[in-house]
Each structure stands twice: as structure tokens, then as C-alpha cells.
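Here's a quick tour of one protein chain. Have a look at the structure first, then work through the points below.

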Amino acid sequence: MVADLIHEGHINILEYASELGKVMVGLLTDDCVEGYKRRPIQSWENRKTVVSAISYVDSVVPQPTLSYKNNLLQYKPHYVVHGDDWREGPQQSTREEVIETLQIWNGELREPSYTPNVSTTDLIERIRNI
């Protein structure tokens, strides 16, 4: 999760995850986000503070790469929860690696439907237009 600007889609995913148990968020580091999208508006520490304050979240850990593999191997979660938007496109290979890694300990990928009509990219564009 980048969580640069928290929106309804983030909350929906976190609420869904909380119904499965304790929620640990892998929060992408600033360098990771910059290599993937753009420099984050807020620092990792600021984003961590905001995400940690959400009632559904139990803990936040750094996610230094787009690959989830190292964090998955370290924490061995029962579930990984991610919106279904990564089934196709640039994150598809990351999804496949998550599935492969979870199989080591019989973990499970859960993919709730992506919240329509909301994205951080769209919010930033709206702000620019204002």
C-alpha cells in the first residue's frame, strides 16, 4: 500500500482484511514508490502515522520493494488482501509471485473487488485542476 492520500478504496480493503484477523500493512517506502509511480506527497513516517491510526490496522511494516516476497517470508501471513485490480497489467507478475510464495505455508490470497471510481492518481489530478 502507498497510502499517500487515504480514500474509500483503502478503507474498504482494510475493513475486509480486518474481518479475517489482525491487519499488518506493508507500506511502500518512499524510494520504492518513487521508482514505481512518483515521489510520495507525504513521507513514509507521515504515511505510517496515518495508516496506523486507522482502527482496522494492527501494525505497519516497511515494504522496500514492489515484490512482497521478503515480507511474506518474514511474517508468513495467513492471508494477503489486495484489490482485484492487479489481476492484469503491470502488477500481474507481483500477484503471481505472491500466490507462489503463499503456497509454501498454505497461505491464501483474498481479492475483494476494487472500489470503482476512486484512485489516488485521480484525486491528485483533481487537486491539480482546482
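Take the contacts between residues at least 6 apart in sequence: 69% of them join residues at least 24 apart. Keep in mind that this is a predicted model. Its secondary structure comes to 6 helices and 4 strands.

**Overall build**
- The C-alpha trace spans about 50 × 30 × 30 Å along its principal axes.
- The radius of gyration is 14 Å, which agrees with the value near 14 Å for a compact globule of 130 residues.

**Inside**
- Of the 130 residues, 37% are buried.
- The largest nonpolar core has 11 residues, including Leu14, Val23, Val25, Trp44, Val51 and Val57.
- Two or more residues of this core come from each of α1 (8-18), β1 (24-28) and α3 (44-52).
- There's also a second, separate core of 7 residues, with Leu72, Val80, Val98 and Leu109 among them.
- Setting aside neighbours within four places in sequence, Val57 touches Leu14, Val23, Val25, Val51 and Ser52.
- In soluble globular proteins, nonpolar side chains tend to be buried together.

**Outside**
- The protein exposes about 7900 Å², and carbon and sulfur atoms supply 48% of that.
- There are 13 positive and 19 negative charges, and their mean positions lie 3 Å apart.

- You'll find Gln103 in the loop between α5 (92-102) and β4 (108-110).
- Gln103 counts as exposed because its relative accessible area is 54%, and the cut-off is over 50%.
- Gln103 and Thr115 are 12 residues apart along the chain, with 27 Å between their C-alpha atoms.

Notes:
Residues numbered from 1 in each chain as written. Predicted model: local features only at pLDDT ≥ 70, side-chain atom pairs only at ≥ 80, totals over all residues. Heavy atoms only, no water. Buried < 20%, exposed > 50% of the residue type's maximum accessible area, 1.4 Å probe, protein only. Core = buried A, V, L, I, M, F, W, Y, C linked by side-chain atoms within 4.5 Å. Contact = heavy atoms within 4.5 Å. Rg over C-alpha atoms; globule rule 2.2 N^0.38 Å. Areas by Shrake-Rupley, 256 points an atom, 1.4 Å probe, with all protein chains shown as cover. Lys, Arg positive; Asp, Glu negative; His and termini not counted. Charge placed at Lys NZ, Arg CZ, Asp CG, Glu CD.
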